[in-house]
Amino acid sequence: MDWITAALSLCGYLITLALIPSILLKKNRHTISTVSWILTIILLPGLGGIVYLFFGINRVQRRSLSKEIANQSIAPKLPQIVQNQLLSSEDYLPINQNLMRLAQNIGHTVPTFGNHVELLTDTNRTLGLIKQAILNAEHSLHLEYYIWQPDQSGTLLRDLLIEKARAGVEVRFLYDGLGSFGLGKNFFKPMREAGIQVAPFLPGASIRERWSINLRNHRKIVIVDGKMAFTGGMNIGDEYLGLNQDLGFWRDTHLKVEGPETLQLQQVFAEDWFFATGEALTQQEYYPSPDPTGTVTAQTLLSGPEKNADVFLTLMFAAINEARNSIVLTTSYFVPPESLTTALESAARRGVHVRLLLSSKSANPATVHAGRSYYDSLLDSGVEIFEYTKGILHSKTLTIDDCWSLVGTPNFDYRSLILNFEVGMAIYDRKFAQRLRESIEQDFLNAIEITHIEWNSRSKFEILKQNLCRLFAPVM
């Protein structure tokens with residue numbers, strides 16, 4: 001029996017090794033992820049091959065192509081949003097001019113002026129404002145979420161949607177099948193009975209594809225009557241309100257948007273909804289003429305594997321290189337591509353004050369260990385690193401020179417920047433950037449700084465654990 005077991009093990013290992021040529025044949029601009037998958041297969045005989053088949057990137061190209069076809073199909077039918085478009089950037093600071101041009105070229109959206117953008121840093125207040133906006137809805141409610149929990153918070157908000165649907169408001173609910181895996185027939189039944197249209201992001205996907213960790217819709221969007229929108233890092237669930245005792249306090253950053261940028265977010269939802277359902281939301285009633293309610297110039301950007309460029313990776317790289325005075329980054333997952341690590345280190349070495357606020361704990365501890373493996377070179381270059389200790393840090397923000405900001409759903413890691421469907425808002429406004437930085441200054445009070453002395457004294461076991469996790473960083 002021993003030789004039979006050995007023979008079966010050898011056959012299984014050879015079969016999984018046969019996957020390596022298929023990985024090498026795949027077109028991939030990020031070769032480090034190719035190396036990571038090959039290592040996974042070799043170091044985890046049998047299991048590595050299974051992990052690749054279910055969670056690998058082999059299906060991204062095919063499914064992302066169908067998303068791009070859907071985008072191209074609906075784009076000509078969507079209303080042309082021309083209200084409050086920025087026609088000239090000459091009155092803006094040079095850094096904002098440069099980043100505007102880049103964002104337009106890679107993101108295919110334009111900056112708009114006359115927006116009111118409110119920074120939301122308290123998750124309970126954020127949810128309260130979303131509830132109030134839902135209650136005030138008169139015509140339509142469009143919601144798109146990565147995680148929506150069927151707990152007390154998620155159920156109460158669902159019931160508000162049901163109440164509005166019964167009152168005649170059109171409600172559409174788009175969710176990610178993996179992120180919101182807890183939602184089932186019992187949760188959706190009263191929604192559908194009330195007339196709410198419900199759809200998963202990946203329509204018609206096989207069971208294997210639906211449960212792949214790739215092709216995730218990580219966007220969080222609420223649009224009310226086409227006039228008000230919410231987006232940012234916060235999902236829906238008790239844990240996001242700090243009600244989960246194991247996770248504790250939850251720190252997140254969200255935006256409340258009024259003005260022409262609401263229409264750009266509406267178009268993002270329309271593209272995703274068309275991909276998921278085939279329904280084209282092209283009626284003018286979903287795109288009302290916006291009232292200029294503020295003074296903020298902003299631009300909605302979205303990324304996904306169907307795009308020709310890695311939008312947020314490219315934008316972050318350029319913004320960091322544009323910095324002359326300060327860079328403040330907050331992220332819940334810090335596993336940066338090498339280009340972004342080099343950009344941060346180069347900025348610090350040329351005299352820019354670079355500060356990173358990172359999470360000290362996570363639902364996925366391996367990402368924390370992998371992220372810490374980057375600390376050595378960052379600290380050597382003069383980057384200041386802080387780990388948040390009050391609870392969970394879930395914010396995803398970047399502010400440059402107190403004049404340009406990015407707030408949204410993308411983390412500072414491979415998955416967010418390369419594979420996920422993400423959305424963010426670039427904000428070309430000094431006052432907003434200062435408000436964002438002031439809010440983060442308070443967070444630094446609830447964080448510990450990682451110093452050279454402390455870091456160099458960590459055990460060899462910790463170093464081994466961090467460097468081992470880093471090998472798999474691109475596939476986490």
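1. A word on the basis first. This is a predicted model, in which local features need pLDDT of at least 70 and side-chain atom pairs count only at pLDDT 80 or more, while totals for chains, interfaces and linings use all residues. Residues are numbered from 1 along each chain as its sequence is written, and side-chain values use heavy atoms, with hydrogens and water left out.

2. Let me start with charge pairs. The structure holds 13 salt bridges (a side-chain nitrogen of Lys or Arg within 4 Å of a carboxyl oxygen of Asp or Glu). One of them joins Arg-355 to Glu-441, at 2.5 Å from N to O. Arg-355 belongs to strand β12 (residues 353–359) and Glu-441 to helix α17 (residues 430–444), so this pair ties together parts that are 86 residues apart in sequence. Helices (H or I, at least four residues) and strands (E, at least two) are DSSP runs, numbered from the N terminus.

3. How accessible are the two partners? Arg-355 is buried, at 9% relative accessible area, and Glu-441 is partly exposed, at 28%. Here buried means under 20% relative accessible area, exposed over 50%, and partly exposed in between (1.4 Å probe, protein chains only). The pair also sits in a salt-bridge network that links Arg-355, Asp-402, Arg-437 and Glu-441.

4. Two further bridges are worth a look. Glu-118 and Arg-125 meet through their side chains at 2.7 Å, N to O, and Arg-125 is partly exposed at 43%. Lys-465 pairs with Glu-462, their closest N and O atoms being 3.1 Å apart. Both lie in helix α19 (residues 460–471), three residues apart, or about one turn of the helix. Lys-465 is partly exposed at 24%, and so is Glu-462 at 23%.

5. Helix α19 also packs against helix α14 (residues 365–372): their axes come within 7 Å and cross at roughly 105 degrees. Axes are lines fitted to C-alpha atoms, for helices over the stretch in contact, and angles run from 0 to 180 degrees between N-to-C directions. That makes α14 roughly perpendicular to α19 (under 35 degrees is roughly parallel, over 145 roughly antiparallel, 65 to 115 roughly perpendicular, and the rest oblique). Ala-366, His-369, Ala-370 and Arg-372 of α14 meet Lys-465, Gln-466, Cys-469 and Arg-470 of α19; contact means heavy atoms within 4.5 Å.

6. Which residues touch the most other members of the largest nonpolar core? They are Ile-327, Leu-356 and Trp-404, out of 51 residues. Helix α12 (residues 311–322) gives the most to this core, with eight residues. A second, separate core of 41 residues includes Phe-201, Ile-223, Ala-276 and Phe-444. A nonpolar core is a set of buried Ala, Val, Leu, Ile, Met, Phe, Trp, Tyr and Cys residues joined through side-chain atoms within 4.5 Å.

7. Ser-405, in strand β16 (residues 404–408), has a relative accessible area of 0%. Beyond four places in sequence, its contacts include Leu-398, Met-425 and Phe-432. Thr-409 is in the loop between β16 and β17 (412–413) and is also buried at 0%. Its contacts, again leaving out residues up to four places away, include His-218, Lys-396 and Glu-422. Thr-409 and His-394 are 15 residues apart in sequence and 9.5 Å apart in space, C-alpha to C-alpha.
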